[in-house]
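Welcome! Have a look at the structure below, and then we can walk through it together.

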Amino acid sequence: MVPDKETLNSLREALLLWFDGEGRRYPWRDDRSPYSVLVSEFMLQQTRIATVLDRGYYTNWMRAFPDWDALAQAPEPDILKAWEGLGYYNRARNLQKTAQVISGERDGIVPKCRAEWLQMPGVGAYTAAAVASIAMGETCGVVDGNVERVFARFFSYDQPIATPASKKLFQDISDQLVCPARPGDWNAAIMELGQFVCTRSKPRCSDCPLQGGCQALRRGEVERLPVKIKKPAPERKREQVGLCRKGNLVLFVKETSSRRKGLLRLPSLEELGIAEGTWVQVDHFDYAITKYKVDLEVFCQGTREYDPSVNEPPFDQEEQCWIDPFQAGRDWPAMGAPYKKALLRHLERQQEMFPDIR
DNA sequence: AACCCGGGGGA
DNA sequence: TCCCCAGGGTT
């Protein structure tokens, strides 16, 4: 599948020339230290560049935790707060674990190659190849969603790409195509080609530096590739939570499950011991979580005040957390996005009903 | 190999 | 609505 040496050289030249002209500037491209690159790669796992940049996650993180030591020593609530809204919170925990391994066990010595990076927590095939090539100049190829799409089209690969066999094939191809002279740029370039030119829909083939060698373009199969396996429709669920007020405070619960440990959520009516029909539904909206689509229903007491002496929540004191949403810095612990949304919508409603308060 | 994990933005 | 994004870990 891999082209002969001469074709390969012209391929590399064409893509890198395009990248030198069209390549974007990102903060982690201006500073290619292993730490900067690794932080960016963790944030970009299953997350769009625009999300990471526009909402300031990368900048804030680098300011709060500028190096391995700072991250290694940071309290977990702080790193979760810096990650709040990005999702997949184990990424933040694993990033810190990696920092702790490097700054502690390895005495500040970073892994020197892809195989060593692969040993770090939260670092898989993609991230190991990315940081090894971009930050250390190792000749190894990345495979992400963009690369899969570009390869499937360029080689007119008509098998489903989400299989182990396809993954292995693409990894092998990527490792052979990567330009030894500029491995980091090559990997960035092919991903960026997938992002801006070889897009999922409406690909801009006439702008593509690889159009001459693209098999799918020649066969008119670009729109059909890559072949994806259709996912089952999400399972619908209903979630009923209570917004408990005590003065300016709102009751939250600290999650204890391993993955979401430390995140805040609103308590369920069941946890609160609220009989159905006794509280008033004040809001509802849908949110998606992995394979589920959840209809979140928010309830309040008829009166505006929640009286804990009458209705003390049955869960442990340590799991309770009363938040003051009017606090200037809104300095509460990291909150799951749906519950944060429910809280903010509650505050908006209250402002409309009682504009005199705050 | 299948399943789990968040959240958002574009089409 | 659906898709899928610079994936990784666990079972």
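This is a predicted model: local features need pLDDT of at least 70, side-chain atom pairs count only at pLDDT 80 or more; totals for chains, interfaces and linings use all residues.

In it, 20 residues surround DNA strand B, and the closest of them are Q46, G87, P164, T290 and A337.

What classes of residue make up the surface near DNA strand B? There are eight nonpolar residues, eight polar ones and four charged ones.

Now step back to chain A. Its domain assignment gives domain 1, covering 5-144 + 162-198, and domain 2, covering 235-353. Between the C-alpha centres of domain 1 and domain 2 there are 36 Å. Where the two domains touch, domain 1 supplies nine residues and domain 2 supplies eight.

Which helix gives the largest share of domain 1's side of this contact? Helix α7 (residues 76-83) does, with five residues. By class, the side of domain 1 that touches domain 2 holds four nonpolar, two polar and three charged residues.

## A pair of packed helices

Finally, find helix α3 (residues 34-43) and helix α10 (residues 125-136). They pack at an angle of about 145°, and their axes are 10 Å apart. The crossing of α3 past α10 is right-handed.

From α3, the residues P34, V37, L38 and E41 take part, and they meet T127, A130, V131, I134 and A135 of α10. Sorted by class, the residues of this contact between α3 and α10 are seven nonpolar, one polar and one charged.

Key. Residues are numbered from 1 along each chain as its sequence is written. Chains are lettered from A and ligands numbered from 1 in the order in which they are written. Axes are lines fitted to C-alpha atoms, for helices over the stretch in contact, and angles run from 0 to 180 degrees between N-to-C directions. Helices (H or I, at least four residues) and strands (E, at least two) are DSSP runs, numbered from the N terminus. A crossing is left-handed if the near helix is turned anticlockwise from the far one by less than a right angle, and right-handed if clockwise. Two residues are in contact if their C-beta atoms, placed from the backbone, lie within 7 Å. Ala, Val, Leu, Ile, Met, Phe, Trp, Tyr, Cys and Pro count as nonpolar, Asp, Glu, Lys and Arg as charged, and the others, Gly among them, as polar. A residue is near a molecule or strand if its C-beta atom, placed from the backbone, lies within 6 Å of it. Domain bounds come from an automatic or database domain assignment.
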